[in-house]
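Please have the sequence and the 3D view open while reading.

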Amino acid sequence: MLSNRRSTRLLVLLSLLAVFAVVSATASHAAAADVTLTLGAYSVPSEAYGEIIPLFAKYWLDKTGQKVVVKESYGGSGSQSRAIIGGFEADVAALSLEPDMTRIVKANLITHDWKKNDYKGFVTDSVVVLAVRKDNPKAIKDWKDLTQSGLEIITPDPASSGGAKWNILGAYGAAKRGYVDGYAKTDEAGLKFAGDVFKNVTVMDKDGRESFLNFERGVGDVAITYESEVFGGQKAGEDSQIVYPTSTILIETPVAVIDAYVDKHGTREVAEAFVNFLWSTDAQKVFAKYGFRPVDPTLLKDPEIIKQFPAMKDQFTIDEFGGWDKADPAIFGKDGMFTKLLTEIKGQ
């Protein structure tokens, strides 16, 4: 009888040990299955991504039981694009303009059609605006006021920053379309006006975020910048004010999975899920919170969103310049029109 009891206890103990071994093995397997993504992004939306990433991590954990960690890298859009080509193995690129994504495509690192969805691959919109000091002491009301004598303007460097290119095209296009007094409604006049504005540019930082932070530190009288940057500054308690030009360009920012790197890392499934999550209502609401115009059509009908983002009197797109494939080399290439003009102005 005693022997039978001992045998029973031994069997129970062995069973418990077996269960414990299975649980331990399962836990070890789960830990090994945790995944890390690397996001290479332009600098301006860093705070928005800082809030979106935990939302995605929770979504993915609830859906799959898998823990995901996203490593974040921010910088000028052009700099990030070139770094990815040079060996920075980002799984996802979130950049400020299409040519920087196209550069990665031409390097055969993105092999799928990243524009093939309802949003054409663009995750947020914004517009080029003017940021001025409290009470607008220089009386900046529109683009033309940026040519006044003695004004100090800051905007990023187009050699490294996608935001800088948007800013230049905002000024160029407004004049080209006839919305800057004293300049003819021609392409040549538009380019001349952009050059006249840059005669007053005193600081060109490497990216849009650093440029606007310098403005908040007291550098310059006016900053040409993304609408979202001014909203972000105001949210943080800064007293800069926003001036909407009569005419301005729509900023469309792309995002894409980097095929070569996700396949190398074995992260395609989670990387694609992350990119798709950026178009979810939850993520789009966060972008809107940080001053980016959502591309989710349902949010664009929301009264609060409509109130937050006023319609522009004249809003144009990159199509004004023939699209990025034409505009980028013609205007910003090594022998581009604005590149040459900037060299003359700044003596660089």
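## The end of helix α14

Which residue follows α14, and is its phi positive or negative? Helix α14 is followed by Gly-347, and the phi of Gly-347 is positive, near 65 degrees. The model shown here is a predicted one.

## The buried side of helix α14

Helix α14 covers residues 337-346, and Phe-338, Leu-341 and Leu-342 are buried in it. These residues lie on the same side of α14, because they cover an arc of only 100 degrees around the axis.

## Helices α2 and α10

Helix α2 spans residues 46-64 and helix α10 spans residues 268-277; their axes come within 10 Å and cross at roughly 125 degrees. An angle from 65 to 115 degrees would count as roughly perpendicular and one over 145 as roughly antiparallel. The two helices, α2 and α10, are therefore oblique to each other. Their crossing is right-handed.

On the α2 side, the contact is made by Tyr-49, Ile-52, Ile-53, Leu-55, Phe-56, Tyr-59 and Trp-60. On the α10 side, Glu-269, Val-270, Ala-273, Phe-274 and Phe-277 take part. By class, the contact of α2 with α10 has 11 nonpolar residues, no polar ones and one charged residue.

## Helices α7 and α8

Helix α7 (residues 208-216) and helix α8 (residues 227-235) have axes that come within 11 Å and cross at roughly 45 degrees. Helices α7 and α8 are therefore oblique to each other, and the crossing is right-handed.

From α7, the residues in contact are Gly-208, Arg-209, Phe-212 and Glu-216. From α8, they are Glu-229, Val-230 and Gly-233. The contact of α7 with α8 divides into two nonpolar, two polar and three charged residues.

## Thr-225 in strand β7

Strand β7 runs over residues 222-226, and Thr-225 is part of this strand. Is Thr-225 buried or exposed? Thr-225 counts as buried because its relative accessibility is 5%, and the cut-off for buried is under 20%.

Leaving aside residues up to four places away in sequence, Thr-225 touches Val-127, Val-128, Val-129, Ala-131, Asn-167, Phe-212 and Val-230.

Methods:
Residues are numbered from 1 along each chain as its sequence is written. This is a predicted model: local features need pLDDT of at least 70, side-chain atom pairs count only at pLDDT 80 or more; totals for chains, interfaces and linings use all residues. Side-chain values use heavy atoms; hydrogens and water are left out. Axes are lines fitted to C-alpha atoms, for helices over the stretch in contact, and angles run from 0 to 180 degrees between N-to-C directions. Helices (H or I, at least four residues) and strands (E, at least two) are DSSP runs, numbered from the N terminus. Angles under 35 degrees count as roughly parallel, over 145 as roughly antiparallel, 65 to 115 as roughly perpendicular and the rest as oblique. A crossing is left-handed if the near helix is turned anticlockwise from the far one by less than a right angle, and right-handed if clockwise. Contact means heavy atoms within 4.5 Å. Ala, Val, Leu, Ile, Met, Phe, Trp, Tyr, Cys and Pro count as nonpolar, Asp, Glu, Lys and Arg as charged, and the others, Gly among them, as polar. Buried means under 20% relative accessible area, exposed over 50%, partly exposed in between (1.4 Å probe, protein chains only). The arc is that of the directions from the helix axis to the C-beta atoms.
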